[in-house]
Amino acid sequence: MNNPRAATISAPVRFSGLVDLGARRVLARLGRQFTRSVPSPIACRATGAGIAIVPLMAGNSDQASALYKGRFQFGETAIECSGRVIFDHRVPDADWTAELHGFEWLNSLVAGNRELYRVQARALVQDWMRRTKSVDPRAWQTRTLSRRVISWVVHAPFLLEEATGDFSRQFLSILGRHIRRLMRSISTEADRRARLDAAIALNYACLGLDGMEPLLTLAYGRLARELGGQILADGGHISRSPAVLCDLLVDLMPLRMALENARLEVPQELNEALERMVPMLRFFAHDDGGLAVFNGVHDIAVDRVQAVYAADKVCGRPLVHAIHSGYCRLVQRDATVIVDTG
């Protein structure tokens, strides 16, 4: 004789299974439709420089002269090329390597304001592109790759002006490969800060390169997700580092300015994050303009802090107690005390 209790249980279970199966099929169908509606990075090709994105920090013309002579100095380490291509050097210093392959120093060649520096910049980028298969593997780490994309996009107008067709095609082609690589790695990257850097770089690419506009909505979404997960309610970064907060502002504020100058809508998530982050930077700054030395701050970064202030139109006042970041700020006349209460 069959167990009546088993019969009363099995029927709902079978029904539930049919509902689950139907739901999975519906979700799968919606997923396929969504995937078809999102442009593939492979289908998008950079065809030239797009909206101008002006970096917050001006370059150093003295460094431009040194770079032209083959001297590359980042931090305390300096290397003379001595007839070799700089990218053939292998340096144990990971930070130095990231600086070299991040190409932020292109900003100094721009600041040099001489045609020979433009020629030198193109030659150095060409040297790097010829070594894509043999370059130092650390050059492909997500954060360094993101820095290179940002630098190349920002300086694309400088590099492409009066460039040969061969250089332009190769430059834009390799930038496209970089962007596709970032699109693949951003979902698997374990380092949260690296994911945010990659999202910022993708937004630079979609704004600053013609042909990449179809990916802009996707890039906005990724940036919004990372900002939502990493910028705290009081405007601090989850790392609790004033230096990280300052670096992010130096990257994010040019994005907003470029959108405003092009009369494009600034994504709400980006605007809200910046409106919290800038007052928090003021929270971390002493009267001399430098950052409080907490959580890995080795450089008080006066120039970078002042550049953020100069670009800030809101001038929001800092909090007294940044409860989410775990800091308090006490001010009495000329004295400022910032306390880590985390």
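# Briefing: strands, salt bridges and enclosed spaces

Strands E5 and E6 form a hairpin with four residues between them, and glycine 326 in the turn has a positive phi of about 85 degrees. The model is predicted. Three strands form an open sheet in the order E5-E6-E7, with antiparallel pairing. E5 and E7 are the edge strands, since each pairs on one side only. A search of the whole structure finds 16 salt bridges and one cavity of 30 Å³ or more.

- Strand E7 (residues 335-340) runs antiparallel to E6 and is joined to E6 by six bridges.
- Two residues lie between the strands in the hairpin of E6 and E7, where arginine 333 takes a positive phi near 55 degrees.
- Arginine 329 has isoleucine 338 in E7 opposite, while cysteine 328 faces valine 339 in E7 as the residue opposite.

**A nonpolar surface patch**

- Leu330, Val337 and Val339 make a nonpolar surface patch of about 220 Å².
- Valine 339, one of these residues, has its place in strand E7.
- The relative accessible area of valine 339 is 31%, so valine 339 is partly exposed.

- Strand E2 (residues 71-74) pairs with strand E3 (residues 77-80) in the antiparallel sense, over four bridges.
- Phenylalanine 72 is the residue opposite isoleucine 79 in E3.
- This hairpin has two residues between its strands, and glycine 75 takes a positive phi near 65 degrees.
- Glycine 70 is located in the loop between helix H2 (61-68) and E2.
- With a relative accessible area of 10%, glycine 70 is buried.
- Ten residues separate glycine 70 and glutamate 80 in sequence, and their C-alpha atoms are 5.7 Å apart in space.

- Side chains of opposite charge can pair when their charged atoms come close.
- Arginine 147 and aspartate 251 form a salt bridge in which the closest N and O atoms are 2.6 Å apart.
- Because arginine 147 lies in helix H6 (residues 142-154) and aspartate 251 in helix H11 (residues 242-261), the pair ties together parts that are 104 residues apart in sequence.
- Aspartate 251 counts as buried, at 6% relative accessibility.
- A salt bridge also joins the side chains of aspartate 340 and arginine 240, at 2.6 Å from N to O.
- Aspartate 340 counts as partly exposed at 35% relative accessibility, and arginine 240 is partly exposed with a relative accessible area of 22%.
- Aspartate 312 and arginine 282 meet through their side chains in a salt bridge of 3.0 Å, N to O.
- Aspartate 312 belongs to the loop between helix H13 (302-311) and E5 and arginine 282 to helix H12, so this pair ties together parts that are 30 residues apart in sequence.
- Aspartate 312 counts as buried at 9% relative accessibility, and arginine 282 is buried with a relative accessible area of 18%.

**A salt-bridge network**

- Glu115, Arg118 and Glu161 are linked in a network of salt bridges.

**The largest cavity**

- The largest cavity holds about 40 Å³ of space.
- Its lining consists of Arg256, Leu274, Glu275, Val278, Pro279, Asp312, Val314 and Gly316.
- Helix H12 (residues 268-284) gives the most to this lining, with four residues.
- Asp312 in the lining is also the partner of arginine 282 in a salt bridge.

**The second largest pocket**

- The volume of the second largest pocket is about 180 Å³.
- Met183, Ile186, Ser187, Leu202, Thr217, Leu218, Ala219, Gly221, Arg222 and Arg225 line the second largest pocket.
- Helix H10 (residues 216-230) gives the most to the lining of this pocket, with six residues.

Notes: Residues are numbered from 1 along each chain as its sequence is written. This is a predicted model: local features need pLDDT of at least 70, side-chain atom pairs count only at pLDDT 80 or more; totals for chains, interfaces and linings use all residues. Side-chain values use heavy atoms; hydrogens and water are left out. Two strands pair if DSSP finds at least two bridges between them. Patches are made of residues with over 30% relative accessible area and no salt bridge: like charges are joined within 9 Å, nonpolar side chains (Val, Leu, Ile, Met, Phe, Trp, Tyr) within 5 Å. Accessible areas come from the Shrake-Rupley method with a 1.4 Å probe; for residues, only the protein chains shown count as cover. A salt bridge is a side-chain nitrogen of Lys or Arg within 4 Å of a carboxyl oxygen of Asp or Glu. Buried means under 20% relative accessible area, exposed over 50%, partly exposed in between (1.4 Å probe, protein chains only). On a 1 Å grid over the protein atoms alone, a cavity is a set of points where a 1.4 Å probe fits but cannot get out, and a pocket is an open set with protein on both sides within 12 Å along at least five of seven lines; lining residues have an atom within 4 Å of a point. Grid points are joined across faces, edges and corners, and a volume is the space filled by probe spheres set on the points.
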